[in-house]
Amino acid sequence: MSRLIVVSNRVNPPADPGVGTAGGLAMALAAALRDDKGVWFGWSGETVERFAGRPKIENVGGVTVALVDLEEQDRTEYYDGYANRTLWPLFHYRTDLASFERSFGEGYLRVNERFAETLLPLIRPDDLIWVQDYHLIPLGRELRRRGIENRIGFFLHTPWPARRVINTLPKHAELVEALFAYDLVGFHTNDYLDSFGDYVINEAGGEFEWGVARAFGRSMRAGVFPIGIDVEEFRQSRKSKAALDYFKRVQASKINRKVLLGVDRLDYSKGLEERFLAYERFLDDNPERSEQVFFLQIATPSRTDVGAYQDLRERLDTISGRVNGTHATVDWVPLRYVNQSYRRDELCGIYRASDIALVTPLRDGMNLVAKEYVAAQDERNPGVLILSEFAGAAEEMQDALIVNPLSHEDVADAIRRGLDMPLAERKRRWESLMDNVTRGDVTAWRDNFVSALSGEPAVQLAS
Ligand code: GDG
């Protein structure tokens with residue numbers, strides 16, 4: 001049987017699957033690799049004076065990991081630079097926040113070469129190699145240049161934006177061409193695949209038909225593989241002591257009020273500012289309903305070195321201060337804005353105690369919080385999911401209340417509708433959502449991608 005080698009920027013499987021604080025990508029990959037005899041390769045997050053090119057092999061929570069240290073300049077140019085300041089904003093339609101520094105692009109290529117050099121000795125002829133996310137787009141090409149003929153797949157966790165947006169990136173064709181070194185490229189949604197196809201046809205002058213893309217003198221397969229959560233683990237963790245404690249803690253603090261909940265990394269793509277403003281609009285427009293609800297926003301600080309994230313945090317502090325200053329009473333705080341992270345099992349209890357989840361990103365590859373909220377609900381009294389039409393999850397989760405996150409009125413209306421929704425409708429919507437979350441769990445995601453990667457390759461063009 002062939003082994004799976006997963007490569008991603010950061011390698012952080014939770015030491016104990018139930019209590020990690022890892023993000024969506026990390027949880028998904030750890031769940032995918034735990035039962036497998038695979039290897040997870042990536043950056044340790046550490047920097048050293050001189051890149052040594054030898055990975056440190058460890059076993060973390062049942063997963064074999066191979067970690068490589070980078071240099072400080074790599075961190076600045078590749079991670080803080082090209083990944084966080086160029087591609088992330090660009091892929092989330094924030095061309096206004098994207099910096100196009102040549103040194104970032106150079107650092108990005110250098111680190112991808114370093115990854116390829118270090119990974120090379122670990123690869124056996126039968127291995128399937130699965131590269132994750134925008135940090136590592138050129139890695140497949142660098143491995144090919146070093147003679148690797150194994151099947152190599154790539155999965156993008158962010159949106160693939162519209163052609164006109166990709167075109168704002170200097171040397172965009174080079175980046176897209178690098179994808180053609182893979183055998184299979186996966187996206188979360190049909191919408192992203194269509195945007196990719198549009199680029200291939202109308203920008204690269206290639207063809208895209210029946211899941212096969214042809215351009216730059218090469219061909220490869222591209223498809224849709226919506227990521228899911230580890231539903232089984234999540235349903236189990238509902239019964240844990242921590243989940244029950246946190247469920248009770250939030251319940252006790254409700255005092256007959258309903259809870260609106262947001263859980264996000266503190267990132268401009270998640271629409272936190274617009275969400276706060278929409279909630280403010282709801283309070284302004286519905287004075288008779290104030291004191292019947294409160295909004296609990298858990299926003300874990302993220303990429304705190306990047307200016308755009310510091311600015312966002314300041315703006316959120318200002319808005320939350322204003323909302324509470326204007327609306328709070330002696331025994332009611334309308335917005336509980338929490339900048340700390342909780343364990344996954346605690347989070348599970350918080351999800352369950354909440355009546356409405358506000359998942360309103362401006363752009364989001366998928367959004368796993370939407371799926372976790374659904375999985376955490378009590379089937380006898382499920383909560384309501386309000387979901388942005390710009391989250392990848394919206395393609396599958398049409399039984400949520402779908403909103404335009406930029407329209408404060410739209411979101412405020414959905415909050416009202418969610419608060420008034422009868423039990424029968426909540427149950428009907430939840431059952432359909434839960435069915436979807438269960439069928440499209442993380443195991444299905446992994447199995448579908450890996451089996452597509454090990455299947456028939458696209459026929460190569462004669463050069
Ligand atoms: C990227 C894409 C795509 C949040 N706060 C805490 C905490 N979290 C966990 C959530 C969830 C994860 O972080 C967030 O996942 P998302 O999917 O919402 O977003 P990204 O981190 O931006 O992930 C995204 C994903 O990759 C997978 O492909 O869906 O679109 O941007 O699991 O629960 N976890 C804990 N404490 C917290 O306070 N333990």
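Which residues form one aromatic cluster? The cluster is made up of Phe91, Trp160, Phe180, Phe187, Phe196 and Phe216. The structure is a predicted model, in which local features need pLDDT of at least 70 and side-chain atom pairs count only at pLDDT 80 or more, while totals for chains, interfaces and linings use all residues. Residues are numbered from 1 along each chain as its sequence is written, and side-chain values use heavy atoms, with hydrogens and water left out.

In total, the structure holds 25 aromatic pairs (rings of Phe, Tyr and Trp, the last by its six-membered ring, pair if their centres lie within 6.5 Å; planes under 30 degrees apart count as stacked, over 60 as edge-to-face and the rest as tilted). One of these is the edge-to-face pair of Phe225 and Phe449, with 5.0 Å from centre to centre and 65° between the planes. Phe225 is in the loop between strand 10 (218-224) and helix 8 (231-237), and Phe449 is in helix 16 (residues 442-454), so the pair ties together parts that are 224 residues apart in sequence. Helices (H or I, at least four residues) and strands (E, at least two) are DSSP runs, numbered from the N terminus. Phe225 has a relative accessible area of 9% and is buried, and Phe449 is likewise buried, at 0% (buried means under 20% relative accessible area, exposed over 50%, and partly exposed in between, with a 1.4 Å probe and protein chains only).

Tyr246 and Tyr342 also form an edge-to-face pair, because their ring centres are 5.8 Å apart and their planes stand at 70°. This pair links distant parts of the chain, 96 residues apart: Tyr246 belongs to helix 9 (residues 241-254), and Tyr342 to the loop between strand 13 (335-338) and helix 12. Tyr246 is buried at a relative accessible area of 16%, and Tyr342 is buried at 18%.

Tyr342 is also among the closest of the 25 residues that surround the ligand, together with His157, Asp364, Leu368 and Glu372 (a residue is counted as near a molecule if one of its heavy atoms lies within 4 Å of it). The shell consists of nine nonpolar, ten polar and six charged residues (Ala, Val, Leu, Ile, Met, Phe, Trp, Tyr, Cys and Pro count as nonpolar, Asp, Glu, Lys and Arg as charged, and the others, Gly among them, as polar). A polar side-chain atom of His157 is 2.6 Å from an oxygen atom of the ligand, and a polar side-chain atom of Lys270 is 3.0 Å from an oxygen atom of the ligand. In the side chain of Thr300, an N or O atom lies 3.4 Å from a nitrogen atom of the ligand. Taken alone, the ligand exposes 740 Å², of which the protein buries 95% (accessible areas come from the Shrake-Rupley method with a 1.4 Å probe). Two or more residues of the shell come from each of strand 11 (258-265), helix 12 (344-353) and helix 13 (368-376).

Ser302 is located in the loop between strand 12 (293-300) and helix 11 (307-327). Ser302 is buried, with a relative accessible area of 12%. Not counting residues up to four places away in sequence, Ser302 touches Arg265, Leu266 and Tyr309 (contact means heavy atoms within 4.5 Å).

Val48, in strand 2 (residues 39-48), is partly exposed at 29% relative accessibility. Val48 touches Asp69, Leu70, Glu71 and Glu72, again not counting residues up to four places away in sequence.

Note on methods. A polar contact is a pair of N or O atoms within 3.5 Å; within protein, one must be able to donate a hydrogen and the other to accept it, and residues adjacent in sequence count only if both atoms are side-chain atoms.
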